Amino acid sequence: MGDTERSSILVHILVIALCLTAFGFAIAAERRRSTGSIVTDSFNSTFCVYDSDIATGYGVGAFLFLLSGQSLLMVVTKCMCFGKPLAPGGSRAWSIIYFASSWVTFIIAESCLIAGATKNAYHTRYRHMVYAGSWTCESLRKGVFIAGAVFVVFTMILNVYFYMYYTKSTSQAAKKINKTTPNVGMTGYA
């Protein structure tokens, strides 16, 4: 087992570990979302009281772990633009497809996670407005962190395939093509 194979396995393990940690944090954030209950004080004004705000921290943690996994992979592959050239062929094509797909799922996952953390951190305090009789305490909808967790898994799978095809494409020896000069005469017609 060569150094490149060991480093490849190490990168796979680190990316998978960071993504699975982000997945765990996203699931924990969904389970611990803030919920509010309406309380009336001694002045007969109502306001919302929320339980713990730990889901915001879990959501930000998931965001950061996924960001660090994607950053690690982009540093190792030099964002596929600045490193070794990719050998032409199927591995290069799949590498480009998985690269683009992983970025799309990464952006969706990060958007879900940061939007969920932001919305979970927002709490409505007072609700005694003129026409607020049926107003409820705002809380994060179910499923925002779950959507982020699902896209974290998609990102992880696409990143693993991207790196697998990337290493295969960069390790292939570039085939040297011997071009021969054509023997076409350039004489004029007489």
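1. In this predicted model, helix α2 passes helix α4 in a left-handed crossing. The two helices, residues 54–76 for α2 and 144–171 for α4, pack at an angle of about 15°, with their axes 11 Å apart. Angles under 35 degrees count as roughly parallel, so α2 and α4 are roughly parallel to each other.

2. Which residues make the contact between them? On the α2 side they are A55, G59, L66, Q70, L73, M74 and V76, and α4 brings F145, V152, T155, N159, F162 and Y163. Sorted by class, this contact of α2 with α4 has nine nonpolar and four polar residues, with no charged ones.

3. Have a look at the largest nonpolar core too, which has 27 residues. L66, L73, V152 and F162 are the residues with the most contacts inside this core. Two or more residues come from each of α1 (3–31), α2, α3 (90–121) and α4, and α4 gives the most, with nine residues. In soluble globular proteins, nonpolar side chains tend to be buried together.

4. Setting aside its neighbours within four places in sequence, F162 is in contact with L73, M74, T77, M80, S95, Y98 and F99.

5. Finally, the wider picture. The protein has four helices and two strands, and from the N terminus on its elements run α-β-β-α-α-α. Of its 190 residues, 34% are buried. Among contacts between residues at least 6 apart in sequence, 79% join residues at least 24 apart.

Conventions. Residues are numbered from 1 along each chain as its sequence is written. This is a predicted model: local features need pLDDT of at least 70, side-chain atom pairs count only at pLDDT 80 or more; totals for chains, interfaces and linings use all residues. Side-chain values use heavy atoms; hydrogens and water are left out. Axes are lines fitted to C-alpha atoms, for helices over the stretch in contact, and angles run from 0 to 180 degrees between N-to-C directions. Angles under 35 degrees count as roughly parallel, over 145 as roughly antiparallel, 65 to 115 as roughly perpendicular and the rest as oblique. A crossing is left-handed if the near helix is turned anticlockwise from the far one by less than a right angle, and right-handed if clockwise. Contact means heavy atoms within 4.5 Å. Ala, Val, Leu, Ile, Met, Phe, Trp, Tyr, Cys and Pro count as nonpolar, Asp, Glu, Lys and Arg as charged, and the others, Gly among them, as polar. A nonpolar core is a set of buried Ala, Val, Leu, Ile, Met, Phe, Trp, Tyr and Cys residues joined through side-chain atoms within 4.5 Å. Buried means under 20% relative accessible area, exposed over 50%, partly exposed in between (1.4 Å probe, protein chains only).
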